[in-house]
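Here is a short note for a colleague who is opening this structure for the first time. Please keep the viewer at hand while reading.

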Amino acid sequence: MDIDVREITKIYRVFDKKEGLRASALSLFHREMREIPALRGISFHIDGGEIVGFVGKNGSGKTTTMKILAGLLSPTAGSVRIDGWTPFDKDYEFLKRLGFITGQKGQLRPDLPAADSFDLLISIYELDRTEAEKRIGDLAGELTVEHVLSQPVRLLSLGQRMKCELIASLLHGPSLLLLDEPTLGLDFASAESIRRIIYKEAKEKGTTVILSSHILDDIQEICGRMILIDAGRVKFDGSLDACFRAYAKHKILTVRTKKDQMELAKRIAPDAVCGVENNTVSWEIPREEMPRMVERIMRQIGVEDITVKEPSLGKVIERIAAGGNREAEK
Amino acid sequence: MSGKYEKYRKNMFLALKTAYMYRENFLISVVMRFIVVLLTLYLWKAVYAGRDALGDYSFLEMILYLFLANFIYGLGNFDGFSYELVDSILQGKLNSALLRPVSYSRMAFFECVGQKLVYAPIDFLAYVIPLGAAAVYGGWRLRMGPAAWCMLLLTSAGGVLTGFLISFLMGMIAFYVENPRVLIFIKGELFALLSGSLIPLDLFPQGVRAFIEMLPVKYIGYYQSSILLGHVRWEECVYDLALLAGWILLLTLLVRRLWRLALTKYIANGG
């Protein structure tokens with residue numbers, strides 16, 4: 001599904017609660033309302049089949065944007081069109097093509113087994129029962145939750161519950177999948193299996209996926225494009241490669257050497273050393289100087305192991321959010 | 001049930017299934033219902049001590065009236081749903097329901113009906129047993145023809161729907177007011193009185209009674225008991241049915257229109 005978002009703003013009006021009993025009593029007669037701008041003119045376009053990551057700090061506007069895309073909220077200004085639909089109209093044909101997972105609020109009934117909720121969803125989305133049951137079986141098998149489908153959802157572990165939520169959201173084969181912190185609080189293996197299924201679905205079925213996450217592994221592993229939202233504005237929109245090229249002028253070079261050569265290693269570009277641990281030394285080296293630096297190190301010390309890495313995505317995001325200029329353009 | 005209504009039927013049965021998941025809750029509720037029946041009997045026995053009638057109601061008629069009125073009021077009282085809707089709105093739990101290609105109000109109605117189906121048979125038994133006892137030992141005879149049965153069923157169904165629509169509107173106040181629970185509580189107390197499930201509306205002063213009789217709430221208890229006791233004037237039946245239909249139409253339109261408007265106020269709290 002093509003998504004076209006133009007200059008959306010969202011302003012929440014909240015009651016300003018002051019401290020103290022007197023202020024509480026006075027608030028019965030007079031309340032001061034405060035406007036909180038959650039989004040301040042966000043625009044982007046996403047083509048059908050793209051997997052896009054939304055990143056940003058808490059309160060930056062990611063979830064509000066997701067909720068507007070899902071039609072839960074209406075923007076204060078601006079427009080959102082998804083394949084011609086305005087999400088807030090809640091057209092049933094649009095909703096049939098939408099899947100939305102949030103890490104905190106699920107759609108499964110907590111008191112009943114997940115299988116009962118799946119059964120209801122089959123009727124709601126008017127799915128072919130045989131095909132839907134096969135799909136549930138396949139997804140449950142891949143996520144290794146077949147054995148818990150008949151247990152009440154409230155008795156499941158967080159990982160099992162999230163996997164069941166994922167099945168519920170994928171059951172009707174949505175063309176647009178919105179995922180808000182789907183791996184929040186999950187162990188590595190559960191998070192990995194959820195990422196694997198999302199990626200597979202997107203690639204096999206051409207599903208448009210928007211993934212909002214603080215867990216940058218989620219973004220790095222499956223998203224081809226990243227939109228960084230900060231204080232209600234888009235601070236970066238592009239591929240991860242472009243992001244690193246634009247904002248990370250340096251790469252991290254790490255070398256393991258013999259103990260007696262550590263002092264010698266540290267004396268090679270001492271100003272660029274960014275870490276020393278046991279028998280390893282790390283340097284932050286400008287991208288264009290990396291080949292020469294590697295050659296110099298190989299020539300001067302005995303190298304047991306050498307790695308060249310991009311800086312962590314988290315650091316790059318922090319830099320962009322802090323208003324950092326594109327380093328490559330300096 | 002056709003495919004179109006399959007989802008509603010499923011939702012209704014899931015509500016039933018959910019209630020049966022909690023065995024202890026269910027058993028305690030059943031016992032409490034029989035205790036309430038006994039308490040009602042003893043309370044009104046005390047009220048009737050030393051007198052033959054209260055208004056036009058003998059002790060036996062009063063008991064019959066109250067049992068049926070309470071049974072219908074139990075079916076048409078959806079305060080629990082109002083509180084649930086308030087929580088859903090305030091805590092953002094409405095999100096998943098709003099993302100489904102299905103009418104929220106219809107799904108909610110069938111879910112409520114499912115919850116009612118859990119206890120309705122128990123309530124029915126709890127009230128029918130004394131009715132049977134009254135028939136056997138009190139010499140009371142049920143005199144209801146087919147027309148009266150039809151009226152009883154139609155007005156009961158209408159009363160239940162009316163109760164749901166009013167509770168839906170009450171719950172929707174949460175879109176505008178931070179904590180409307182106290183309003184729902186007051187509405188519940190007021191409706192218990194105005195529905196005639198505490199005392200028959202005939203015992204109210206004439207002016208007050210004339211006003212209450214214009215309201216839809218009389219169809220959630222009072223009206224059905226009046227049919228049972230033969231107090232309904234059949235020449236007014238058409239008017240009564242038209243009034244009920246008018247209220248249902250008005251409330252349905254209000255729910256639909258206000259729901260669309262209110263959703264613009266929804267802030268979908270939480271992640």
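Predicted model: local features only at pLDDT ≥ 70, side-chain atom pairs only at ≥ 80, totals over all residues.

1. **The largest pocket.** Start with the open space. The largest pocket holds about 1,300 Å³. Its lining counts 41 residues, and those closest to the centre are Tyr12(A), Arg13(A), Val14(A), Ile267(B) and Asn269(B). Four elements each give at least two residues to this lining: strand 1 (3-15), strand 2 (33-46) and helix 2 (62-70) of chain A, and helix 4 (79-91) of chain B. Which element supplies the largest share of the lining? Strand 1 of chain A does, with six residues. Sorted by class, the lining of the largest pocket has 17 nonpolar, 13 polar and 11 charged residues.

2. **The second largest pocket.** This pocket has a volume of about 1,000 Å³. It is lined by 38 residues, with Arg109(A), Pro110(A), Glu84(B), Lys93(B) and Glu111(B) closest to the centre. From chain A, helix 4 (114-124) and helix 6 (158-170) each give two or more residues to the lining. Helix 6 of chain B gives the most, six residues. The class count for this lining is 16 nonpolar, 12 polar and 10 charged.

3. Now the closed spaces. Rolling a probe the size of a water molecule over the atoms shows where empty space is left. How many cavities of 30 Å³ or more does a search of the whole structure find? It finds two. The largest cavity has a volume of about 170 Å³. Its lining has 17 residues, and Phe100(A), Ile101(A), Gln107(A), Ser96(B) and Leu99(B) lie nearest the centre. Strand 5 (98-102) and helix 6 of chain A, along with helix 5 of chain B, each supply at least two lining residues. Strand 5 of chain A has the largest share, five residues. By class, the lining of the largest cavity splits into six nonpolar, nine polar and two charged residues.

4. **The second largest cavity.** About 40 Å³ of space lies here. The lining is made of Ala248(A), Lys249(A), His250(A), Glu284(A), Pro311(A) and Arg319(A). Two of these residues are nonpolar, one is polar and three are charged.

5. **Helix 8 of chain B.** This helix covers residues 181-194, 14 residues in total. From first C-alpha to last it reaches 20 Å, close to the 20 Å expected at 1.5 Å a residue. Ile184(B), Lys187(B), Gly188(B), Phe191(B), Ala192(B) and Leu194(B) are buried in helix 8 of chain B. They cover an arc of only 165° around the axis, so they sit on the same side of helix 8 of chain B. An α-helix has 3.6 residues a turn, so residues three or four places apart point the same way. What do the buried residues of helix 8 of chain B pack against? Their partners are helix 3 (59-76), helix 4, helix 7 (146-172) and helix 9 (206-212) of chain B. After helix 8 of chain B comes Gly196(B), with a positive phi near 80°.

6. **Ala70(A).** This residue lies in helix 2 of chain A. Is Ala70(A) buried or exposed? Its relative accessible area is 1%, under the 20% cut-off, so Ala70(A) is buried. Beyond its neighbours within four places in sequence, Ala70(A) is in contact with Pro87(A), Phe94(A), Leu98(A), Phe100(A), Leu178(A) and Leu99(B). Ala70(A) and Thr86(A) are 16 residues apart along the chain, and their C-alpha atoms are separated by 9.6 Å.

7. **Asp116(A).** Helix 4 of chain A contains Asp116(A). Asp116(A) counts as buried because its relative accessibility is 13%. Neighbours within four places in sequence aside, Asp116(A) is in contact with Leu14(B) and Lys17(B).

8. **Gly48(A).** Look for Gly48(A) in the loop between strand 2 and strand 3 (51-55) of chain A. Gly48(A) counts as partly exposed because its relative accessibility is 41%. Not counting residues up to four places away in sequence, Gly48(A) touches Met1(A), Asp2(A) and Thr208(A). Gly48(A) and Ile82(A) are 34 residues apart in sequence and 9.7 Å apart in space, C-alpha to C-alpha.

Technical notes. Residues numbered from 1 in each chain as written. Chains lettered and ligands numbered in written order. Heavy atoms only, no water. 1 Å grid on protein atoms, 1.4 Å probe; cavity = no way out; pocket = protein on both sides within 12 Å on 5 of 7 lines; lining within 4 Å. Points joined across faces, edges and corners; volume = space filled by probe spheres on them. Nonpolar A, V, L, I, M, F, W, Y, C, P; charged D, E, K, R; others polar. Expected span 1.5 Å × (residues − 1). Buried < 20%, exposed > 50% of the residue type's maximum accessible area, 1.4 Å probe, protein only. Arc of directions from axis to C-beta. Contact = heavy atoms within 4.5 Å.
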